[in-house]
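Hello,

Here is the structure I promised to pass on to you. Have a look at it first, and then read on for my notes.

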Amino acid sequence: MENKPIAGRLKLLAQLMELHEQNAFKIRSVANAAFKVDKLPFKLAGKSIEEMNQIDGIGKSISAYITELLDTGSIADLEDLLKATPDGVVEMLHIKGIGPKKVAIIWNQLGIENTGELYYACNENRLVEAKGFGIKTQDEIKRALEFRMASNGKFLYAQAKHEAHELMTLLKGMFPGALLEFAGDYRRCCDVISELNIVLGTRDAEMGLNNLSTSALLQNITVNSDHINGETANGLLVDIQVTEKRFFYLELFKATGSDDHVKAVQARLNDIVDQPDSEEFIYKKASLPWIPPELREGDSFMNKAILPDLIDVYDLKGSIHNHSTWSDGINTLKEMALYCRDEMKLEYLGICDHSKSAVYAKGLSIERVLQQHEEIDRLNQELDGFHIFKGIESDILNDGSLDYPDEILERFDLVVASVHSNLKMDVDKATARIIKAVENPYTTILGHPTGRLLLSRKGYEIDHQKVIDACAANGVVIEINANPLRLDLDWRWHQYAIEKGVLLSINPDAHRVEGFKDMEFGILAARKGGVTKTNCLNALSLEQITAYLAERRTKRSAK
């Protein structure tokens, strides 16, 4: 074994000892030895324990550790500490900008056990509330995590968007007059992108290939038949297919849809279509309406007599489920409302700060709920042409109950019920827990139903059909959480919800004014699920949603 991996194991041992608050003198001894071993001009392997004892900075205990590692391949003390530490917490120790002391706070005080949860906590501004953290530290950690997430070869749609459009702008500059369009996962608005596909239609395909292959547009460029492959500086894989203009729309069609979708359309073609002048022509020849790219997954929408008129961001009239400085937000309630009204041109805001059980997020005590309601009443008198609804994001407790007594829940205009704790229940218990919350007459919206964090945390297992059926039976709306890390409810369940008559709500879960912009990604997820404005709660006007909430209150009172 070389010195570097020996030093690495000693460094990890020192970090874990500090994480678990062991003897400070011993921690310094192991950490100093790790540094020393890494700089030695000779190999330790083959040295006797007596020889190691003579090396400056390596005493008897460190020599024993090194000998044990060389003889057995491990250190018992290190293995014991690793068993006592979640894998995700160990991974955090490797993140630039946070040492063991900060990891200990993140783990022990905030209850965060992996890098995905940590990234989401940065988005929710939870770190700034912890001792020793501030906005600057939080932003540095977030940037380091984004780099790590990108390095695994997969990107959130929102992460890929900027680079994708920068690349498209450069291509349009290189090939004026060419036909250019995104294809593949990106054009279908998939939540996770593993490769960015682009189709380029040019008058001279061979010249186009030559120009791209010698350009500095991408790194690690290779040519594969009519494809240029490479990657961006951040590691996003790119595939550019170059074709003659007359074949552009055929190749775009084939490169956009999933394999099942393309095969299903081609199976309906009676004639060979090799030079279509549009994608619409291909679908028409297959006796189909043009299918938007978002819906080109398999053949499910081919069998519908009428395709849905997909929702657009301009259809949204309000933003529900948002946070302010009353809990873990960055902006005040008034700042959130003014941004919604003046910048987003919306008619209403649902403020849903965390409930009292969410102590990590400054959850609202009953007294603070009443104080916030007083502020909302004042702001509603002050803000012209705009309304703030009194909401709460109530934790769904372990037994499925909500976080306040009925006399407090009664005071809210709307209640978003969400799971934030005990995410490791089996599917039956998790499903029963959520259904009990859905059956609570004060629940208006089921928030982020599975708690997933894309590329980071799978989310808890639930029986989606049973949960959706319960929402249908109880008139509960289901959230499409627009945070690009969540996009939960997953688009694959949108149609089942719609068929059951369940309304969906595209909620940004904004913790600062910039968070309202995430509604764009919620819209993309909703379009992928075939959602229209008639299926969406916050596509209702202020007058309509006021009447909707009043009707719910009347029905609840009548029970």
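Among contacts in the protein between residues at least 6 apart in sequence, what percentage join residues at least 24 apart? The answer is 68%. Please keep in mind that this is a predicted model, so every value below is computed from it.

**Overall picture**

The protein has 559 residues, and 54% of them count as buried. Along the principal axes, its C-alpha atoms fill a box of roughly 85 × 70 × 45 Å. There are 23 helices and 14 strands.

**The cores**

The largest nonpolar core holds 148 residues, and the members that touch the most others are Leu-10, Leu-118, Ile-240 and Ile-388. Helix H1 (residues 3-19) gives this core its largest share, 9 residues.

Leaving aside residues up to four places away in sequence, Ile-240 touches Leu-171, Ile-198, Leu-200, Leu-212, Leu-218, Asp-226, His-227 and Ile-228.

**A covered strand**

How many of the 5 residues of strand E11 (residues 414-418) are buried? The count is 5 of 5. Leu-414, Val-416 and Ser-418 point one way from E11, while Val-415 and Ala-417 point the other way, and buried residues are found on both sides.

E11 also has strand partners. With strand E10 (residues 387-395), E11 pairs in the parallel sense over 5 bridges, and Ser-394 stands opposite Ala-417 there. With strand E12 (residues 445-446), E11 runs parallel and is joined by 2 bridges; in that pairing, Val-416 has Ile-445 as its bridge partner.

**Two backbone angles to check**

Two residues other than glycine have a positive phi. Cys-189 has a phi near 60 degrees and sits in the loop between helix H11 (184-187) and strand E3 (192-193). Asn-220, with a phi near 55 degrees, belongs to strand E5 (residues 219-224).

Is each of these residues buried or exposed? Cys-189 counts as buried because its relative accessibility is 11%, which is under the 20% cut-off. Asn-220 is exposed because its relative accessible area is 56%, and the cut-off there is over 50%.

That is what I have for now. Enjoy exploring the model!

Best wishes

How values were computed: Residues numbered from 1 in each chain as written. Predicted model: local features only at pLDDT ≥ 70, side-chain atom pairs only at ≥ 80, totals over all residues. Heavy atoms only, no water. Helix = DSSP H or I, 4+ residues; strand = E, 2+ residues; numbered from the N terminus. Buried < 20%, exposed > 50% of the residue type's maximum accessible area, 1.4 Å probe, protein only. Contact = heavy atoms within 4.5 Å. Core = buried A, V, L, I, M, F, W, Y, C linked by side-chain atoms within 4.5 Å. Pairing = 2+ DSSP bridges.
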